[in-house]
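Hi,

Here is the structure I said I would pass along.

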Amino acid sequence: MQKVALHALKVDYVLEKDGYHLINYSNLSQKDSLKLLAIRNHHSVRTRMVNSNLISEENHLNFILNLPKQNVGYWALKYKNDLLGSISLVDYNEKEGSFVGGNFIAPKIIGSGFGAVINYYMHYVAFEKIKCNKIKAIVKKDNINAIRINKLFGAIHINEYDSKNEIGNDYISLEFPAEYWINGIKEKSRKIIEYVL
Amino acid sequence: MEKKHFIAEVKEILLLDEQDISPDTNIEIDSMASLLLIAFLDEHFSKSISQEQLKDLKQIKDLINFVGAENLK
């Protein structure tokens with residue numbers, strides 16, 4: 001098992017596609033942080049999330065202030081000055097070298113196929129920069145498009161989310177091993193996002 | 001690829017509810033389906049399809065013609 005690069009959770013990335021950047025939440029301006037919060041709080045975005053509650057500006061800014069102390073990574077995806085979405089890697093499991101991955105995109109680009117792009121960059125950062133061994137994900141059963149995208153990225157459907165868990169039976173649990181990314185998913189998904197960008 | 005597997009994949013990609021899929025079954029390709037179809041056709045048939053060609057796929061038979069009936073057992 002290769003060593004996970006935890007320091008890479010805290011940096012910004014210039015992506016190979018012209019004009020695209022991943023900006024760590026800790027490095028976002030307050031204006032952009034609040035713009036991103038507005039996207040996250042939009043009804044069509046938050047209702048697809050495990051935690052679908054509205055988040056206050058005060059809680060969001062406090063959450064960002066506490067990020068440097070934790071083994072988590074949160075980035076905003078920007079195209080030039082436009083905020084397009086967010087990716088996150090949380091719940092680091094040292095034994096497995098795994099993170100729970102999450103992402104969302106701006107309401108204006110939902111339905112455009114951009115979900116594949118944000119997923120591509122989440123896998124790219126997790127496997128090529130952080131060098132983790134596995135991404136885990138929890139998806140709402142009724143989020144058909146998320147399930148379809150995850151299939152594209154080689155998701156292994158682990159089981160119906162543990163009914164003993166507090167979030168209940170409305171979710172499925174998925175895993176994405178690093179070797180799948182290296183052995184074909186990267187190339188396959190790269191071709192796909194070319195159609196979107 | 002076996003034709004029944006091809007149909008099963010297409011049914012899943014296009015979220016078709018019909019029990020019986022025939023060559024004349026109409027299809028609608030949304031943005032997500034178009035990405036999944038592009039990946040499917042590339043992976044299993046080594047075929048690239050443009051957005052323009054995707055728009056011309058109206059029925060199951062158009063998809064079969066695109067991959068080539070001879071490539072489905």
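Two residues count as in contact here if their C-beta atoms, placed from the backbone, lie within 7 Å. One caveat before the rest: this is a predicted model.

On that basis, eight residues of chain B are in contact with eleven residues of chain A.

Next, the core. The largest nonpolar core has 61 residues, and those touching the most other members are A:Trp75, A:Ile118, A:Tyr121, A:Val125, A:Ala126, A:Cys132 and B:Leu36. Helix H4 of chain A (residues 114-129) supplies the largest share, eleven residues. As for A:Cys132, its contacts beyond four places in sequence include A:Val4, A:Phe99, A:Ala126 and A:Ala178.

Then there are two residues I looked at individually. Is A:Asn103 buried or exposed? It counts as buried, because it has 20 C-beta neighbours inside 10 Å and the cut-off for buried is 20 or more. A:Asn103 sits in strand S5 of chain A (residues 98-105). Setting aside residues up to four places away in sequence, it touches A:Gly85, A:Ser86, A:Ile87, A:Ser88, A:Ile118, A:Asn119 and A:Met122.

B:Ile27 is in the loop between helices H1 (3-13) and H2 (31-45) of chain B. With 19 other C-beta atoms within 10 Å, B:Ile27 is partly exposed. Apart from neighbours within four places in sequence, B:Ile27 is in contact with B:Leu14, B:Leu57, B:Lys58, B:Gln59 and B:Ile60. Its C-alpha atom is separated by 16 Å from that of B:Val67, 40 residues apart along the chain.

Cheers

Note on methods:
Residues are numbered from 1 along each chain as its sequence is written. Chains are lettered from A and ligands numbered from 1 in the order in which they are written. This is a predicted model: local features need pLDDT of at least 70, side-chain atom pairs count only at pLDDT 80 or more; totals for chains, interfaces and linings use all residues. Helices (H or I, at least four residues) and strands (E, at least two) are DSSP runs, numbered from the N terminus. A residue is buried if 20 or more other C-beta atoms lie within 10 Å of its own, exposed if 12 or fewer, and partly exposed in between; C-beta atoms are placed from the backbone. A nonpolar core is a set of buried Ala, Val, Leu, Ile, Met, Phe, Trp, Tyr and Cys residues joined through C-beta atoms within 7 Å.
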